[in-house]
Amino acid sequence: NIPLKNRLLFESNVFYNNQSSAVDVEAANYQNFGFKLSADYEISKNFRFALGTSFSRYLFTYVSEQNYTNIELSSKLTIQF
């Protein structure tokens, strides 16, 4: 017998960052935007499973060759005794 709790926690974030600097013009002037999503499912008292993903895009104002996209995936299984 495994008593299931069936609790799901869902979290989401959307972000936008506009950075500018007169000192380091090429590297410090950029826009960053994206989102993060995560879900944590408590299967039972001793088992939890988390799954997450994030996407972000960096757009440099003066050097467009440095533009890049960052995609992350993560997962975690917790077994507690």
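**Figure 1. Overall fold of the predicted model.** The secondary structure of the protein, shown here as a predicted model, comes to one helix and four strands, and these elements follow the pattern β-α-β-β-β when read along the sequence. The radius of gyration of the protein is 19 Å, well over the 12 Å that the globule rule gives for 81 residues, so the protein is more spread out than a compact globule. Along its principal axes, the C-alpha trace spans about 65 × 20 × 15 Å. Of the 81 residues, 19% count as buried.

**Figure 2. Confidence along the chain.** The mean pLDDT of the protein is 91, and 94% of its residues reach a value of 70 or more. Among the elements of secondary structure, helix H1, which covers residues 25–28, has the lowest confidence, with a mean of 87, whereas strand S4 has the highest, at 97.

**Figure 3. Pairing of strands S2 and S3.** Strand S2, made of residues 30–44, runs antiparallel to S3, and 13 bridges join the two.

**Figure 4. Pairing of strands S3 and S4.** Strand S3 spans residues 47–60 and strand S4 spans residues 68–79. These strands also run antiparallel, and twelve bridges join S3 to S4. One of the residues to look for here is Ser56, whose bridge partner in S4 is Asn70.

Figure 5. Leu8, Tyr41, Phe47, Phe49, Leu51, Leu77, Ile79 and Phe81 together make a nonpolar surface patch of about 860 Å². Strands S3 and S4 each supply at least two residues of this patch, and S3 gives the most, with three residues.

**Figure 6. Leu8 within the nonpolar patch.** Leu8, one of the residues that make the nonpolar surface patch, lies in strand S1, which covers residues 4–19. Leu8 has a relative accessibility of 57% and therefore counts as exposed, since that term applies over 50% relative accessible area.

Notes. Residues are numbered from 1 along each chain as its sequence is written. This is a predicted model: local features need pLDDT of at least 70, side-chain atom pairs count only at pLDDT 80 or more; totals for chains, interfaces and linings use all residues. Side-chain values use heavy atoms; hydrogens and water are left out. Patches are made of residues with over 30% relative accessible area and no salt bridge: like charges are joined within 9 Å, nonpolar side chains (Val, Leu, Ile, Met, Phe, Trp, Tyr) within 5 Å. Accessible areas come from the Shrake-Rupley method with a 1.4 Å probe; for residues, only the protein chains shown count as cover. A salt bridge is a side-chain nitrogen of Lys or Arg within 4 Å of a carboxyl oxygen of Asp or Glu. Buried means under 20% relative accessible area, exposed over 50%, partly exposed in between (1.4 Å probe, protein chains only). Two strands pair if DSSP finds at least two bridges between them. pLDDT is the predictor's confidence in each residue, from 0 to 100. The radius of gyration is taken over C-alpha atoms; the globule rule is 2.2 Å times the number of residues to the power 0.38.
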